[in-house]
Amino acid sequence: MATLQLDGLRKSFGSTHILQGVDLSLADGEMLVIVGASGCGKSTLLRLVAGLETPTSGSVLLDGRDITKLDPAARDIAMVFQNYALYPHMSVAENMSYGLRIRGVPKDTIRAKVEATAGLLGLEKLLARRPRELSGGQRQRVAMGRAIIRDPKMFLFDEPLSNLDAALRVQMRAEIRRLQRRLGVTSLYVTHDQVEAMTLGDRLLVRHQGVPVQFAPPMEVFARPATAYVAGFIGAPAMNFLPATLDGHNARLASGHAIALPNAHPGHASVTLGIRPENVVVTPNGLPMTVDLVEPLGSETLVHGRLADGTPLLVKQSGAMPVGEVLYVDLPPAELHVFDAGNGQRLAA
Amino acid sequence: MRRTIFPGWLLPAALVLPQLALTVVFFLLPAGEAVWSSLTRTDPFGLSSVFVGIDNFNDLFADPLYVETILRTIGFVAAVCVISMGTALLLAVMVEGVVRGRGIYRTMLIWPYAVAPAVAGVIWLFLLHPQIGLLGRWLNHNLGWDYSLNGTQAMLLVILASAWKQVSYNFIFFVAGLQSVPRTVTEAARMDGAHGFYRFRTITLPLLMPTVFFLIVVNVVYAAFDTFGAIWALTQGGPGKATETMLVKVYRDGVINLDLGSSSAQSVVLMVGVIVLTAVQFRFMGKRGK
């Protein structure tokens, strides 16, 4: 149980600046998810906290203690790696107990802890096996077991689910969240998957091209994305974007159709309107959309099409729906997100 | 492995013929002749020989000097293996930690492998000869270093010279072996709290064992059968018989003392050794492939 604080953490390799001054603090027991496409510096950040990389400047404080220069072995932080990084020459039990054996924990304590952890993760029958005799999901569990068995101050997760198939990923995602809640260990979770980000985090840090763009609880990131990038990244299927020009309260689409916005945004002539596919309303007297693809998913239907001016639009409707060649849609002003067309920043709603 | 299907047998036969011819002329015929002459006894003038069955072998193993040579060779081989592999492993681990100029270190550490055994011997002679050696004169003056008189020192010298050359070879394999140990596995061990040498002993070394086994076989073969040049150039097996390994004894008995029967019998014993070691190695490599 611990708090984590990062002060002005920087990392450069030569003239390449991976991280530029990261300030972040995690409350005790909090799970923070850092999400972003590859190259946003999220893995480097995690490795700096782990101690596997040395920061160029700045400091890492765990429970108020400066651990910036401490060897990873002395930090008491556990990490779950993307490829699990299990010790191939050791059995499951040996893999899990390695950290305890280093610390000289008595043998019967180790045995009891291994059994308890294996029970928690459903690994009781696999303790004697080698990692290569396990399936992906089982390896993932062993990696989790190795992390939780020694009651570390903190967990680090480096895209732990990205090597699993889709069904297993959903299952393990829920398991990780349940375990983390139950154990109440402060956690830092790095991923490029927006669903993991949404479901796992107490708070979400979205990074883009080496800089943080939004830091908020998941639902707030979803409801009020700070930039067009965040809006397109969080939420599936992705948000629709339509270029428009502003004239007082009116936004005019490329087709000439005008929408009365709830707020005026003086000083912004051209904007990007964003609307999530599920917020598009199908109505007989709406804008005509030429349909070019229908994807029935059972519980919902995705309709891909183009507005009269050629702007692509995706519509999500629950249930099955009969679709002709043209669909009439309405974009409710209350559901529109308005971003500056130039820098992509959200305009105050 | 890719298989190529030839239309007839003429082309494949023609393709393997040169290699087969070389093998027959330079390996099979001499080996056959050695086996034959190991079963004969030649008169002192080399004019006639008589078939004596396995008498040469019986004489050999009844000779306490030969048994002593075998034991000396085993000691020599073990020392060369331990020193050359130990040094190479240490250097390989240290190079892992080098960031700048890693390529230069590696290249320079690989060079000695290109030096012929006899030349390696001469280099060590220039360095350690008690009268003309750069270091040897100082050692001679201060520590009574003279390997032409002191058998232990002579043994030490031929071990060093033989091991030195093999360090390069072992180094290459250890560097490759260390690279195949997944980085994240050692990182996971660091996160688990394992410090330096403990981590090396419990994680890196076990994962390096396939390389170690392979190199043990290669080094034993090298030390037992490929060090004649270095030893002959340095000590000619002396002083006395202090550095006379089985290989040196084959040469001394056959070429210098002209006891062809016994020398051939000894080379047959060595040949059996090579065959056994090669079989072990093939078995081991086969297992690795599975």
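In this predicted model, helix 3 of chain B and helix 9 of chain B are oblique to each other. The former covers residues 64–97 and the latter residues 196–225; they pack at an angle of about 130°, and their axes are 9 Å apart. Angles over 145 degrees would count as roughly antiparallel and those from 65 to 115 as roughly perpendicular, and the two helices are therefore described as oblique. The crossing of helix 3 of chain B with helix 9 of chain B is right-handed.

The residues that form this contact can be followed along each helix. Helix 3 of chain B contributes Thr73(B), Phe76(B), Val77(B), Val80(B), Cys81(B), Ser84(B) and Met85(B). Facing them from helix 9 of chain B are Leu215(B), Ile216(B), Asn219(B), Val220(B), Ala223(B) and Ala224(B). Sorted by class, the contact between the two helices comprises 10 nonpolar and 3 polar residues, with no charged residues.

Strand 9 of chain A, residues 203–208, runs antiparallel to strand 10 of chain A, and 5 bridges join the two. Within this pairing, Val206(A) has Gln214(A) in strand 10 of chain A as its bridge partner.

How values were computed. Residues are numbered from 1 along each chain as its sequence is written. Chains are lettered from A and ligands numbered from 1 in the order in which they are written. This is a predicted model: local features need pLDDT of at least 70, side-chain atom pairs count only at pLDDT 80 or more; totals for chains, interfaces and linings use all residues. Axes are lines fitted to C-alpha atoms, for helices over the stretch in contact, and angles run from 0 to 180 degrees between N-to-C directions. Helices (H or I, at least four residues) and strands (E, at least two) are DSSP runs, numbered from the N terminus. Angles under 35 degrees count as roughly parallel, over 145 as roughly antiparallel, 65 to 115 as roughly perpendicular and the rest as oblique. A crossing is left-handed if the near helix is turned anticlockwise from the far one by less than a right angle, and right-handed if clockwise. Two residues are in contact if their C-beta atoms, placed from the backbone, lie within 7 Å. Ala, Val, Leu, Ile, Met, Phe, Trp, Tyr, Cys and Pro count as nonpolar, Asp, Glu, Lys and Arg as charged, and the others, Gly among them, as polar. Two strands pair if DSSP finds at least two bridges between them.
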